[in-house]
Amino acid sequence: MNDQQSGTTLVCYRCGATAEFPDRKRCECGEPLWFDTDDAAGDFEWSAPGPGTDARPGVWRYADLLPVGTSEGVGPVDSVGTSEGVGAAAGDTPLVRAPSLDADAGPRIWLKDETENPTGSFKDRGSAVGVAWAAANDREWVGTVSHGNMAISVAANAAGTDARAVVLVPEDVSAERLAAIAQYDPDVLRIAGDYGDLYYATLEADSPVEFVNSDTPLRVAGQKTTALEICEAFSPEVPDAIVLPVSSGGHASATWKALRELQHAGLLAANEVPRLYLVQAAACDPIAEAHRDGADEVTSVEAGETVAYSIANADPPSGTRALTAARETGGAVLSVPDDEILDAKAELARNAGFCVEPASATTLAGIRRLSGAGELGADESVVAVLTGTGFRELDVEGEKPEVVPLEGLSARLRVLTG
Ligand SMILES: *Cc1c(COP(=O)(O)O)cnc(C)c1O
Ligand SMILES: [Zn+2]
């Protein structure tokens, strides 16, 4: 291991055991590992914004807390802390107040618009860090197990770098999904066999490919930056709650890790940590089920179909860690049925102008339920993380509007506006 590289030690949130990256990704106790960044977090401060400062682009603003270098710029951070390539375009997304979505006696709603990432989802944050690590460590191959946003994101982030991407998709992947991935020219392998087992099969220590899967340490590190940006934007205030859709539990884990680091840095007092509310689709809700049952571990479920296709992981590898995150922050894990998800998706578009995936709309559906149950008060600020764009699926059902002959247009417009 190159001794300039910082942050190669991994630690288990549950049992405290440590291991070295990249040899291991999961703890012997069965739980996923994340980078031990506590020392770096101890010295972390918000950096001064504006021109003339050494502000790095996008997620690299938080390079001090990422496993790719140090604030002195030694080692690999030099190669990633520049404005080069698509990895420099990940993150730094808008956080907007959306008063048009506030309901009577509901909380004040903020939207974190992750659809503005280069490939339209927050996955770019983790892919940027994963690919940068591979490049800085002379690894020729990065990979992922996905046929959705993560596949697109890893392929895009590898494009234009010295690393090549290999994407493992299920055998029955649709042509539309393949085309969306293939435009970035990764190697794509269709895998026959259990897709859930495949996740674990790719984490072997001597793999020639560095797999940046849903909740692997590099991905979780990069995805911490969503919450770091939210908290920095609110600073010195703090949002009362953050709501995000959850599938593998990688993003939820990363959000929790970020909040812990900010506490460690003294930037967040113990009594002001935002509550994490995690939302699943009712047809596939293993983490919400464990929460309802008061269970300590998340176990796999028999999943049904849901419109929220990006969050349909029936056996989430970071499920227990996500459950712990919700509980430790005083939040909860809930699930919402498809009709409420589609209503929320429509409401986000019609009343606020945001076009998101059904998976992302679970946040607003969740907020409505939480506020109905009195868990979110009218005086509270809540951030809904809009994880992914709806622009990729505009060809789904829906009625076509009327046809108006060109000659009749002005008459029709007068009727319309009359
Ligand atoms: C991946 C994804 C999620 C779920 O994130 P996890 O880290 O797997 O829990 C939510 N929304 C969208 C749009 C996604 O692509
Ligand atoms: Zn452990």
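Me: Which residues come nearest to ligand 1?
Reply: Of the 16 residues around ligand 1, the nearest are K123, N149, S247, S248 and T387. A residue is near a molecule if one of its heavy atoms lies within 4 Å of it. Before we go on: this is a predicted model, where local features need pLDDT of at least 70 and side-chain atom pairs count only at pLDDT 80 or more, while totals for chains, interfaces and linings use all residues. Residues are numbered from 1 along each chain as its sequence is written, chains are lettered from A and ligands numbered from 1 in the order in which they are written, and side-chain values use heavy atoms, with hydrogens and water left out.

Me: OK. What lies 2.7 Å from an oxygen atom of ligand 1?
Reply: That's a polar side-chain atom of N149. S247 uses its backbone instead: one of its N or O atoms there lies 2.8 Å from an oxygen atom of the ligand. T387 has a side-chain N or O atom 2.8 Å from a nitrogen atom of ligand 1. These are polar contacts, meaning pairs of N or O atoms within 3.5 Å; within protein, one must be able to donate a hydrogen and the other to accept it, and residues adjacent in sequence count only if both atoms are side-chain atoms.

Me: And how much of ligand 1 does the protein cover?
Reply: On its own, ligand 1 has 380 Å² of accessible area, and the protein covers 96% of that. Those areas come from the Shrake-Rupley method with a 1.4 Å probe; for residues, only the protein chains shown count as cover.

Me: Switching topic, what holds the zinc ion?
Reply: The zinc ion (ligand 2) is coordinated by the SG atoms of C12, C15, C27 and C29, at 2.3 Å. Donors here are N, O and S atoms within 2.8 Å of the metal (3.2 Å for Na, K and Ca); water is not among the atoms, so sites may look incomplete.

Me: Why is the arrangement called tetrahedral?
Reply: Because the four donor atoms subtend angles of 99 to 123° around the zinc ion. Four donors count as tetrahedral if all angles lie between 85 and 135 degrees. The ideal for four tetrahedral donors is 109.5 degrees.

Me: Where do C12 and C27 lie?
Reply: C12 is in strand β1 (residues 9-12) and C27 is in the loop between β2 (18-20) and β3 (33-35), so the pair ties together parts that are 15 residues apart in sequence. Strands (E, at least two residues) and helices (H or I, at least four) are DSSP runs, numbered from the N terminus.

Me: Are those two buried or exposed?
Reply: C12 is buried, and so is C27. Buried means under 20% relative accessible area, exposed over 50%, and partly exposed is in between (1.4 Å probe, protein chains only).

Me: Which peptide bonds are cis?
Reply: One is the bond from F21 to P22, with omega near 5°, and P22 lies in the loop between β2 and β3. Another joins S235 and P236, with omega about 5°. P236 is in the loop between α7 (217-234) and β10 (241-245).

Me: What about phi of D92?
Reply: D92 has a positive phi of about 55° although it is not a glycine. You'll find D92 in the loop between α2 (77-80) and β4 (95-97), and its relative accessible area of 59% makes it exposed.

Terms used
Tetrahedral: all angles 85-135°; square planar, octahedral: opposite > 155°, others 65-115°.
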